Amino acid sequence: MELGAVVVVPAREDGTTAIHQVEPRALTASENPQPHYSLRMPILGNDVLRSWMERVRKLGVQSLWLTSSPRDENVASSALARFAQQGIERLLVIKLKSYAELDLADLLRFHCESRNPVTEAQDARGQLGVSLLDHLALRASGEKYEFSCAPTGTGRTPYQFRGYAKRILSARERQELVGDGLTGACAMRPLGKEIREQVWIGEGVQLASSVRVIGPTYIGARTIVRAGATIGPFASVERDCVVDCGATVERSTVLPHTYLAPGILIRRGLVDGGKFEDLDGGTVADLQPARLGSRIQQRESRRQAFEETATDVSSWAGSASTWDFAASSMTSQPWLQVRL
Amino acid sequence: MKTVPSKILPFPCASNFTDRRALRKDLLVALRVSGPPVIVDFSACRTLNYEDIDLLLECVAQAAGRDSKVLFVAGSRVNRVLLEVTRISSLVPVFNSVKEALAYPQIAAQDDVEDLRAS
């Protein structure tokens, strides 16, 4: 029985795909609240896409397909039918909207035992965006694809997941995931060296001697924190940021390549370049006109370092290839095959 | 009857040098009159740029050490967020509307005193 896997990465509104993208740029997704940041942005230095790929690899799957969908993260029905034509008996579809410590082998076992054409994983809050389709569902999808939208209870038994899961489309839940990662409440660990209890820093971080770092906190690789700044508690400043003199980052996340102006106070927020999202009210404010924050233009050396460590899927195992669907009706959706 | 109404100064959105100078002048005149707080209303501004932030900080600085208090009417959540990240909201009371600002305890208490005096 051949098992295939697809990961659907939300694309930007302008239709350009996120799966070839190297530089971090703001993507949008259709869920509410709409994140202004890319879902590919690291969380405590970790790439959620990569963590899903690793789970798929552990299932024994040799390669997976990545696709990008602009609006509802659905896979075109014709593409699913094509999988069936290529001899795929079961297809695992992961929409990149959550981080879940899901045992995919258990999901597969459940799917086989329940003999549903489609099995969706869900937790107490609803669907996690992980589904298994068997060949019947794949063939039927050639006519009509409905599994992502249909309510559960239409003859399908969902897979109930009781483990750790967070929706990364919501900035607030993303921050909860950061907090859980910093305190060890989930399996995700900050990518860096623990210099003291619950304080992690990545490679090449520059901290001025007067900087206060209050744990639990993470400071990503090559980030510069200038004199008098305070980072933490429950803060995550991702890689290649500059936190200027006297700035405070508390219970917040600062995404890569962000500059924060002197004296700025970031509390309960998510900053991505010049955009600040208030975690409590969901308000998004533009910091750039007030010269309070901005996106750092990558220097060539930094760009190189970034590209080397980038989680861009084309660098995954260095063996990605595109799937030529030129003759099919689904050319609007880009595809990339990644060997695991 | 309220004899000394609070002074409400509209903030010059997308302003030029002259508008800013005018606000500074009006603010100083209002602050010279000891008593009622001065309300700076920028609820009509969609967002704030660095010049606006500078001018607001100047308002805060002018009011420091005086008997009169300055109150800000931010209007939108975005403006409020910008005041929070610049720490201005920790220096000056910020309100969503002029109505809310007028209900600020200090103003309400002062108005009561004036009413009592008038009666």
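## A strand pair in chain A

In this predicted model, Val243(A) has Leu260(A) in β20(A) as its bridge partner. Strands β17 (residues 242-243) and β20 (residues 258-260) of chain A run parallel and are joined by 2 bridges. Strands here are DSSP runs of E with at least two residues, helices are runs of H or I with at least four, and both are numbered from the N terminus. Two strands pair if DSSP finds at least two bridges between them.

The strands β11-β14-β17-β20-β25 of chain A, in that order, form an open sheet of 5 strands with mixed pairing. β11 (206-207) and β25 (293-295) of chain A each have a single partner strand and stand at the edges, so one side of each has no neighbour in the sheet.

## Numbering and confidence

Residues are numbered from 1 along each chain as its sequence is written, and chains are lettered from A and ligands numbered from 1 in the order in which they are written. Local features need pLDDT of at least 70 and side-chain atom pairs count only at pLDDT 80 or more, while totals for chains, interfaces and linings use all residues.

## Loops of chain A

The peptide bond from Gly215(A) to Pro216(A) is cis, with omega near 0°. Pro216(A) sits in the loop between β12 (212-213) and β13 (217-219) of chain A. A cis peptide bond, again with omega near 0°, leads from Gly232(A) to Pro233(A), and Pro233(A) is found in the loop between β15 (230-231) and β16 (235-237) of chain A.

## Contact between the chains

Chain A brings 13 residues into contact with 13 residues of chain B; contact requires C-beta atoms, placed from the backbone, to lie within 7 Å. On the chain A side, β21 (265-267), β23 (275-278) and β24 (284-286) each supply at least two residues.

## Two helices of chain B

Helix α1 (residues 17-32) and helix α2 (residues 50-63) of chain B have axes that come within 11 Å and cross at roughly 20°. This makes α1(B) roughly parallel to α2(B), a label for angles under 35 degrees, with over 145 called roughly antiparallel, 65 to 115 roughly perpendicular and the rest oblique. Axes are lines fitted to C-alpha atoms, for helices over the stretch in contact, and angles run from 0 to 180 degrees between N-to-C directions.

Among the residues of α1(B) that meet α2(B) are Leu23(B), Leu27(B) and Leu31(B). Those of α2(B) include Leu55(B) and Cys59(B).

Terms used
Two residues are in contact if their C-beta atoms, placed from the backbone, lie within 7 Å.
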